[in-house]
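Thanks, everyone. I'll walk through one model, piece by piece. Have the sequence and the coordinates open.

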Amino acid sequence: MPNLVHVNYDQTGNSKSTNALGMREMQEKAYAGRTAQYLLLKAPPASGKSRALMFIALDKLKNQGLKKVIVAVPEKSIGASFGSTELKKYGFFADWKPNPKYNLCTPGKEKSKVTAFLNFLDSDEQILVCTHATLRFAFDGLDVKKLDNTLVAIDEFHHVSAEGDNILGQVLKSIMANSDAHIVAMTGSYFRGDSVPVLMPEDEAKFTKVTYTYYQQLNGYEFLKSLGIGYHFYTGKYFKKHPDKEQSALAEILDENKKTIIHIPSVNSAESSKEKYEEVNHIIDVLGNLEFQDEETGVLHIKSNKTGKILKVADLVNDNPKSRDKISAYLREIKSADDIDIIIALGMAKEGFDWPYCQHALTIGYRGSLTEIIQIIGRATRDSNNKTHAQFTNLIAQPDAQDEEVKLSVNNMLKAITASLLMEQVLAPNFKFKLKKDEDDEEEDDDKTIKIRGFKLPTSKRAEDIIETDLNDLKAKILQDPQMLKAIPGNIEPETINTVLIPKIIREVYPDLNDEDVEAVRQHVVVDSVIKNSTIEEQGDKKFIRMAGSFVNIDDIHIDLIDKVNPFQKAFEILSKSVTTQVLKLIDEHIQSTKFEMTEEEAILLWPKIKEWVKNNKGEQPNIQAFDHKEKRMAEALVFLRELKRKKALENG
């Protein structure tokens, strides 16, 4: 199956070069917002968020009157990112020097760490590093006023949630409401993979946002030139040879010449055999024969079935503490690409895990969380001299008609495709969109600015901010909407998707926006999605855009034309070429079995199409039993409109 997403980058080196203070591009951008009381930093893995926090925190201690800094990370291993760091020799005014006594990301009982946390607040020490859990436990019974004049930095901020039972979310809310503490929230992903927001809109509005995009990060690398995201579908067990195939699905896509992290399925997923250690054994069998395991490091030495060479493999699925500590310590000290070839993991090797040499992130089984997908992709997108291409592959079980879980499988497949659509939006270059005025509009713009006739601009600062910093987060919500999921395969008119379903979701997410701004945000979402899914070509001195079968001069582009394009159609077209007709039939049956709600808005939108259809079919009306989805939908709209007319006639007596 071809990659659903393939993005090429320019290798500008910008994201790796440093300024006079020793700051990379993202860190400089974050430092510019250092005086904000509440700062939300969204930047991809490997962009240097830890060091960005050090710069900001040291400025708050020296120049802004704050007395203490507390850094909270999701797990102990990530605490190492905030260890002592030399900054002065690169041009900054101070080094980052936490006292090891107040590095609480160490083995030991939580009770003693809470005691150390409370002692820190009463001491003269300035910096403490702890886990999210320690922060939560220490907060229980703590007088919040003790956090006055303190910076609380929360790494991997997507672990916070506005959900009532999310304790870290409650801690954050209480700190904001009851103290004058400063907060720096950092995340490589702001998508939760469910409908619960990270922060409530009124709390989020208090944060100054600094966004550094994936495209800026990857485009500014030295070695990495391209990134691919692909999906492969299998039947049976991923590690077993299928009767119709020469080898297992895993063997088919696993290239042992590429440094690979294999994430096996979650034990709760349909793809899991429920025996995680056995799955590791099966993967080893696919690779070759185990020659020996190094007693000192825990590295497995496997003789390849394909080439006969020795592969160095790390097993992070084995959760025996002694074995896990050995191999984890080895991986932390890796100095060259030759030190390990393949890592097999379950819950580990995701956020905060650093293996720059990784070329391929191979994930088996559907992942419901967009955050998790982004974190896994981030393992392969570090810049390193051993690679020019990074690849994410998701190996997913095909729906089977005999399976009781067929509806779940279909939904999982559609969700996986929408995740790749979102990643395409996140990884592509950003465009700016302006209203195209009359012909004498001679204002010069760069290559990343597109002027559109009939385009609506926001009228409020709130809508401007959403367009500026939240478009990808909003797209994540749109792509996870159950109705949208069923509409993506193209069985609903593009205008209905763009002008009915999308604004409905925007109103739910941003109830404070007026109708004009809902329309402005809607147009930006649709235009941005369609353009990023299209290709722009130059012919002579003119530019043309190829979108969903249309080839249009970029100077003639109008919002009405863009609204006629399903921004998500491409993914389903690729899927259609990659699975059997039986699987497509199952997807179709599933969508048909869950009725779409018809709204007056959609019915009115379809009315001109119904009239045109009747005219083209010699007066015959669309058939509600038709196999063609669009004809069927028009027939449903006709029934809806007749019923509406009947009700109105009764009301008018």
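A definition to begin: axes are lines fitted to C-alpha atoms, for helices over the stretch in contact, and angles run from 0 to 180 degrees between N-to-C directions. Helices (H or I, at least four residues) and strands (E, at least two) are DSSP runs, numbered from the N terminus.

Now the ground rules. This is a predicted model, where local features need pLDDT of at least 70, side-chain atom pairs count only at pLDDT 80 or more, and totals for chains, interfaces and linings use all residues. Residues are numbered from 1 along each chain as its sequence is written, and side-chain values use heavy atoms, with hydrogens and water left out.

Helix packing, then. Helix 21 (residues 600-616) packs on helix 22 (residues 629-651) at about 115°, and their axes are 9 Å apart. The contact (heavy atoms within 4.5 Å) involves, among others, Leu-606, Trp-607 and Trp-613 of helix 21. On helix 22, the contributors include Met-634, Leu-641 and Leu-644.

Next pair. Helix 14 (residues 471-479) and helix 16 (residues 494-509) cross at roughly 115°, with axes coming within 10 Å. Helix 14 supplies Leu-474, Lys-477 and Ile-478. Helix 16 supplies Ile-502, Ile-505, Ile-506 and Val-509.

On to the strands. Strand 16 (residues 432-435) and strand 17 run parallel, joined by four bridges; DSSP must find at least two bridges for strands to pair. Phe-433 stands opposite Ile-450 in strand 17. Which way do the side chains of strand 17 (residues 449-452) point? Thr-449 and Lys-451 go one way, Ile-450 and Ile-452 the other. All four are buried, meaning under 20% relative accessible area; exposed is over 50%, and partly exposed lies in between (1.4 Å probe, protein chains only).

A geometry check on helix 5 (residues 167-178). Its 12 residues should span 16 Å at 1.5 Å a residue, and the end C-alpha atoms are 16 Å apart, so the two agree. The expected span is 1.5 Å times one less than the number of residues. Buried residues of helix 5 include Leu-168, Val-171, Leu-172 and Ile-175.

Last stop, Ser-17. Ser-17 sits in the loop between strand 1 (5-8) and helix 1 (25-31). Why is it called partly exposed? Because its relative accessible area is 41%. Beyond neighbours within four places in sequence, Ser-17 touches Met-23, Arg-24 and Glu-25. Phe-93 is 76 residues away along the chain, and its C-alpha atom is 19 Å from that of Ser-17.
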